[in-house]
Every structure is written in C-alpha cells, then in structure tokens.
Amino acid sequence: MERVPLRQYLSLLAYYLKPQWFRVTLLAVFMFGGIGLSLLNPQILRYFIDTAKAGGALRNLLIAGGLFLVVGIFGQIVTLISSYLGQDVGWRSTNRMRGDLALHCLNLDMSFHHQYTPGEMVERVDGDTTALSNFFSEFVLQVVGSTFLLAGVVIMVSREDWRVGVALTAFVVVAFLIYNLIRSIAVPAYTAEREGYSKLYGFIEERLIGIEDIRTNGANAYTMDRFYDVNSDAYRRVLRSQIMGEIVQAITRIMFALGLAISMGMGIYLYREGGFTIGTVFLVVQYTAMLRHPLDQISRQLNDLQRATAGLQRIESLQRTTPRIQDGTETLSASGAISIEFDNVTFSYIEGDPVLEKVSFNLEPGRVLGLLGRTGSGKTTITRLLFRFYEPNIGEIRLDGTAIAKLQLDSLRQHVGLVTQDVQLFYATVRDNITLFNAEITDAQILAVIEELGMSSWYASLPKGLDTVITSGGLSAGEAQLLAFARVFLKDPGIIILDEPSSRLDPATEQQIDRAVQKLLHNRTGIIIAHRLGTVERVNEIMILEDGEIREYGDREHLVKNPDSRFSQLLKTGLEELTYSQA
Ligand SMILES: Nc1ncnc2c1ncn2[C@@H]1O[C@H](COP(=O)(O)OP(=O)(O)OP(=O)(O)O)[C@@H](O)[C@H]1O
Ligand SMILES: [Mg+2]
C-alpha cells in the first residue's frame, strides 16, 4: 500500500479539528485529568495498607478510604466525560467530511457516476469516512494519553526501586512487540470476516432488488442454493475470526499474568530484603496491572491507522476527481420561452463510437419538437446534452443564442424542465416528492398545481393528503408521470423536455397525461420524445433520428402533406413500425 505522508494526516486533522479547538482542548484536559487520577489511586492504597499494618489512627484510615472512593468515582466521571467528548469531536468532524464528500460527488459529471454502483458510492462517502472517524476522535489523544500513562507508571515504579522500574520497562517493550505480532496474525481473519459479511449483504440486496424477476422466472430455488453457499462462507469466516480473537485474548492474558508474576516476585524479594513495605508491593502490582489498557490501546490505534490510511487514500483520490464540466458565468434572462439551437453536435459516450453525429436544428421560442426514432437512436442522449450532463465532442448547443457551456449550471438547469422515461420516486411524503424537499414551496402552491394538472381525484384518494408517504412502487406509471409534471410545473422553466416512457398506459390515463402535457407546454419551448402518435399530434416540428443522425426534420404540417416523407409513412403504418421493426 502506498504510504500517506504524515503531513497529509496532520493537515486533514488540522482542517477538521480547527473549528472545534475548544472541544478538543476540553477533551485533552479531561483525558490528562483521568490519567492523573488513575496514577493517584495506588498511592492511596499503599498509604492505607501501610498505615493499617503499622496500627495507625483509625481516622487516617477512614480519610484514606474516603479519598480512595472519591478518586475512584471522580475518575469514572472524568472517563465518561472524555469519552463523550471524544465521540462528539469525532462525529462532528466526520459528519462535516461526509457532507463535503457528498456535495463533491453530487457535482461530479454523470460519466463519473456511471462508473460506480450506488453501493460503491456509499462505501466511499460513508465507509471510508467512518474508518477515519476513530482517527479523528481518538487516535492522537489515545496514543499520546496512553504513552503518558505508561511513562507515568514506569516513573512511579522507578521512584520506589530502579530495578523494578527497569524490569517493568523491559516488560512494556516486550509486551508491545508481542501485541503487534499477534495482531498482525489476527487482522487478516478479521478482514476476511468483514468481507464475508459485505458479500452476504450484497447478495441479499441484489436479490431483493431483483425479486420480481426472480419470482416470475421461477429462480427461487437457485437463489436459495446460492444463498446457502454465500451464507456458509460467511459462517466459516466468522468462526475463524472468532477463534482467532479468543487466541489473541488468551495470549494477552497469559502475557500479563507473567508480568504480574514478575512484579510480584520482585516486590516480595524486596520486601524480604527490607526495601519495600507491603503497601509498596501492592502499589507495584497495581501499577503493573494498569499497563494492560494503554498497551492495548496503542497497539489497537496503530492498527486502526492502517485502515484509516486506506480510507484516507480513497477520500483523497475522490477529492482530486474534479468535474470536467466547468461552471459558466452567464445567466439566462428570467422568464418566457427560450430558443434551442443544436449546431453540428457530435457526441460519444465511449471514444470512437459516436452516438450522435452532426445533429443540427433550431427551435424557435414557444415551438414544440417531436422527436422520434428507434430505441438506441440517441433521443435521450440529446436531452442529456441539453442539460449539460455531458459535453459534446464537436459542435455547440445554444439557448437564446448563448452557448450552454458559458451558462451557470444552476441557471441552465433552472430554465430546463425534464421529465425522464422512468421517474424516480423517493421514500418520502407526496409533498417532498413533488417539491424535492424544497421547504419554501407552500402547500397552497402544490395543491394549485395538482388541480391544474387534473390530479385532483388522485389527490383525494390519498389517505393523508400531502403527508402520505410514497413507498417504493407505490404509484402507477401514469401517476408517477403526473407527479413528475408537478415537479416541473413548480419549477416553471422556459424549456420542457419530455422523455415519454415507452411502456403503454391505459387510454384514460393517456388522455389525462396529454392534457397535462398541453398545460405544461403552454408558452414554453418543448422537446417531446414520443413513443405514441397521439403525443406528436400537437407538436410543431418533427425530427426522426436514426443511428444518431437526423433522418428527417421539418415542419409537422409540411411532412404530413408530403406523401413521400418518412413521417407521413409512419402515420399510415403506426409508430410501432419505427420502434420495433427493422426498417
Ligand atoms: N451512459 C452511457 N454510456 C455508454 N453508452 C450509452 C450510455 N447511455 C446510452 N448509451 C448508448 O447510446 C445510444 C443511444 O442511447 P439513448 O439512450 O440516447 O437512446 P434512446 O433513443 O433514448 O432509446 P430509447 O428509445 O430506448 O429510450 C445507445 O446505443 C446506448 O447504448
Ligand atoms: Mg431514451
């Protein structure tokens, strides 16, 4: 794995922790306070034991006991507060980071998004950030804190007797090395376990999404068969990693038992020699027992750092990915219909395989173009270019005479309304699905649009009105289309693009949609990609695409009158001829 320079970590830490400097300082104060308190307690114990053994005053014993209790309870409170602060700092910084990344991804080109599945994106925006969260909240403080605690223990013990101090230091070094050794042996098993889980969940997710196809094709048995395989693979991985975890536990336990035995042995020896009191023996043993936690923490943190490194690298590379489509500076004038001009546009998704070739047309403001063509001929691609999801290889697209490359993307997308072939619904209320979570749109506006589009009877059927939650697949294709129209209506753009779904609707719904489309097109420039002849009845111009080239383009009236035109032939044979047969 490529190493990430320390500087990069530090600058990342500084960037996200800076706004929280107060919380971070507080966290440090509480953590060092906690360390101080835990170093204090064995000292009180020693005093207690030695005083008791020497037959000291009961009052002193009571004070020592009380102090021990107070320090213990106080220590717990301090630990509680510092772990709260640690989580708080970690989540605040990583949430900001998640936000930054999500926004960055939203602004990336469509060609970027076509490369990755939603699952991968989730992993990159959330998974990698989560791996970093520990790094933010704990790494520095835990490693520094634990090192201080270790040093504190060694110093305290050395003050009693330097030989015990040396022995304990040697033990710390050896224990640390053993820790890292067994961790490095165990980690691959842990990684394998996580992979097993993600495979299992991936499998379940994919099959659940495809449940209709699986059922209708009778693939239940095969699916279950594969499920058993994936499941038992996950089981084997979990088992292996659990056993590994137990072995690690056992080895550490034995290691610290040995450490305790050594310090106890040395303590008893020194007691016999007269150098130590019983209380001091107890103190040394207590301190030895305290080594376990910081050693464990340091080794764990160093291990986590590796995971954070991988995450950080992916986050870095994601942030380095910049959109190729650069924002322009000009804006379109406020309202009214807008002219559309395609000037010799050639475009390919994949180099050397053009999807559109030399497409030129000019649509005056307020005119409506009906776009026809066989499946795969490039109709949807035209709309994507107009929205500037992609950039043409050659040629230019102009709105009201301004090249769209010079327009601010926000302004462009505000002025173009698009209803796609398959409308995306969100698991949210009807209101949010229509406003796309824009809280500034009032219910009165929404209801007016619903009325306008002739959706009132549908609206009346909703059990909770605008608050009704739309579940996945909860709307018919026609209802979903109308809902998408409502979205566009609220946006009030100068251009409407309608990519008609190729699936059929019942005649009543079709009529309803036709009426809505007419309303939508009123005083606007429009491009309608039609799969039904009914839809193109009222358009002004017709364009027939074939393999990315304009096969026929002209005024609808003219084409209808000309018996030799491709369009008038289509009117005779029906659009099916165009859509499904090989011409
Ligand atoms: N993201 C993409 N990456 C690569 N090729 C693509 C992509 N999207 C579409 N294509 C290809 O571009 C061509 C035109 O696709 P487009 O979606 O524009 O067709 P269409 O005319 O809208 O078809 P339909 O009537 O089925 O909607 C097709 O050959 C398709 O395979
Ligand atoms: Mg299409």
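Reply: **The chain as a whole**

The protein chain has a radius of gyration of 35 Å, whereas a compact globule of 583 residues would have one near 25 Å (taken over C-alpha atoms; the globule rule is 2.2 Å times the number of residues to the power 0.38). This is a predicted model, in which local features need pLDDT of at least 70 and side-chain atom pairs count only at pLDDT 80 or more, while totals for chains, interfaces and linings use all residues. Residues are numbered from 1 along each chain as its sequence is written, and chains are lettered from A and ligands numbered from 1 in the order in which they are written.

Along its principal axes, the C-alpha trace of the protein chain spans about 120 × 50 × 50 Å. The protein chain holds 21 helices and twelve strands (DSSP runs numbered from the N terminus: helices are H or I, at least four residues, and strands are E, at least two). Of the 583 residues in the protein chain, 27% are buried (20 or more other C-beta atoms within 10 Å of the residue's own; 12 or fewer makes it exposed, in between partly exposed, with C-beta atoms placed from the backbone). Of the contacts in the protein chain between residues at least 6 apart in sequence, 78% join residues at least 24 apart (a contact has C-beta atoms, placed from the backbone, within 7 Å).

**Strand E3**

The part to look at is E3, residues 368–373, where six of six residues are buried. Val368, Gly370 and Leu372 point one way from E3, and Leu369, Leu371 and Gly373 point the other way.

E3 has strand E10 (residues 525–529) as a parallel partner, joined to E3 by four bridges (strands pair if DSSP finds at least two bridges between them). Leu369 has Ile527 as its bridge partner in E10. E3 also pairs with strand E11 (residues 541–546), again in the parallel sense, over five bridges. In E11, Met543 is the bridge partner of Leu371, and Ile544 is that of Leu372.

These strands belong to an open sheet of six with mixed pairing, in the order E6-E9-E10-E3-E11-E12. E6 (416–419) and E12 (549–555) are at the edges, each with a single partner strand, so one side of each has no neighbour in the sheet. From one strand to the next, the twist averages 15° (axes are lines fitted to C-alpha atoms, for helices over the stretch in contact, and angles run from 0 to 180 degrees between N-to-C directions). Helix H16 (residues 477–491) lies across E6 and strand E9 (495–499), and runs at about 175° to E6.

**Helix pairs elsewhere in the chain**

Helix H8 (residues 220–273) and helix H9 (residues 278–289) have axes that come within 9 Å and cross at roughly 165°. H8 and H9 are therefore roughly antiparallel (angles over 145 degrees; under 35 is roughly parallel, 65 to 115 roughly perpendicular, the rest oblique). The residues in contact include Gly259 and Tyr271 of H8 and Ile278 and Ala289 of H9.

Helix H5 (residues 118–160) packs against helix H6 (residues 162–209) at an angle of about 165°, with the axes 13 Å apart. H5 and H6 are therefore also roughly antiparallel to each other. Among the residues that meet are Leu150 and Val154 in H5 and Leu168 and Val172 in H6.

Key
Contact = placed C-beta atoms within 7 Å.
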